[in-house]
Amino acid sequence: EVQLVESGGGLVQPGGSLTLSCAASGFTFRSYAMGWFRQAPGKEREFLVRTSWSGGTTSYADSVKGRFTISRDNAKTTVYLQMNSLKPEDTAVYYCNAKIYNVIKGTTDYWGQGTQVTVSS
């Protein structure tokens, strides 16, 4: 079965750094675009960043551009999110996403269970 398992969340002070990991299985990882989203209490799920199948094309939301960096290791079927200069407003549950388009099936999305990131003094 398809699985995306996030890890690396926790409590960090403002200005600190944290790295999230997403381990994928059950699908052809190298064929999917991978991304990260987050959802704070009472808010909609927010797009953060997505990287292409090869990692050659990357798009960041303005809220995290210059602070967060996505990377992927296709051999390990794992995607990472390096988060720097963290702010209290970054507090949210962070979700890993896999996406692919197929002319027959259309767009397919897979989601992880999420990992909590709390930025507080």
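**A tour of the strands and their neighbours**

Visitor: Which residues does Arg50 touch, leaving out those up to four places away in sequence?
Guide: A touch, or contact, means heavy atoms within 4.5 Å. You are looking at a predicted model, where local features need pLDDT of at least 70, side-chain atom pairs count only at pLDDT 80 or more, and totals for chains, interfaces and linings use all residues. Residues are numbered from 1 along each chain as its sequence is written, and side-chain values use heavy atoms, without hydrogens or water. With that in hand, the residues touching Arg50 are Ala33, Met34, Gly35, Phe37, Thr57, Thr58, Ser59, Asn97 and Lys99.

Visitor: Arg50 is buried yet has no salt bridge, so how far away is the nearest side chain of opposite charge?
Guide: Buried means under 20% relative accessible area, with a 1.4 Å probe and protein chains only; a salt bridge needs a side-chain nitrogen of Lys or Arg within 4 Å of a carboxyl oxygen of Asp or Glu. Lys and Arg count as positive, Asp and Glu as negative, while His and the chain ends are not counted. The nearest side chain of opposite charge is that of Asp109, at 5.1 Å.

Visitor: Which side chain is joined to that of Arg50 by a polar contact of 2.7 Å?
Guide: A polar contact is a pair of N or O atoms within 3.5 Å; within protein, one must be able to donate a hydrogen and the other to accept it, and residues adjacent in sequence count only if both atoms are side-chain atoms. The partner of Arg50 at 2.7 Å is Asn97.

Visitor: Which residue in E8 stands opposite Cys22?
Guide: Strands pair if DSSP finds at least two bridges between them, and E3 (residues 18-25) pairs with E8 in the antiparallel sense over 6 bridges. E7 (residues 68-73) also pairs with E8 in the antiparallel sense over 6 bridges. In E8, the residue opposite Cys22 is Val79.

Visitor: Which residues touch the most other members of the largest nonpolar core?
Guide: A nonpolar core is a set of buried Ala, Val, Leu, Ile, Met, Phe, Trp, Tyr and Cys residues joined through side-chain atoms within 4.5 Å. In soluble globular proteins, nonpolar side chains tend to be buried together. Here, of 29 residues in the largest core, those touching the most other members are Trp36, Leu81, Met83 and Tyr94.

Visitor: What relative accessible area does Met83 have?
Guide: Met83 belongs to strand E8, residues 78-83. The contacts of Met83 include Leu18, Leu20, Phe68, Tyr94 and Val117. Met83 is buried, because its relative accessible area is 0%.

Visitor: How far is the backbone oxygen of Ser85 from a polar atom of the side chain of Arg67?
Guide: Arg67 lies in the loop between E6 (58-60) and E7, and counts as buried because its relative accessible area is 11%. The backbone oxygen of Ser63 is 2.9 Å from a polar atom of this side chain. For the backbone oxygen of Ser85, the distance is 3.0 Å.

Visitor: Which residue has its backbone nitrogen 2.8 Å from a polar atom of the side chain of Asp90?
Guide: Asp90 is in the loop between E8 and E9, and is buried because its relative accessible area is 1%. Residues touching Asp90 include Arg38, Arg67 and Val117. The backbone nitrogen at 2.8 Å belongs to Lys87.

Methods:
Helix = DSSP H or I, 4+ residues; strand = E, 2+ residues; numbered from the N terminus. Buried < 20%, exposed > 50% of the residue type's maximum accessible area, 1.4 Å probe, protein only.
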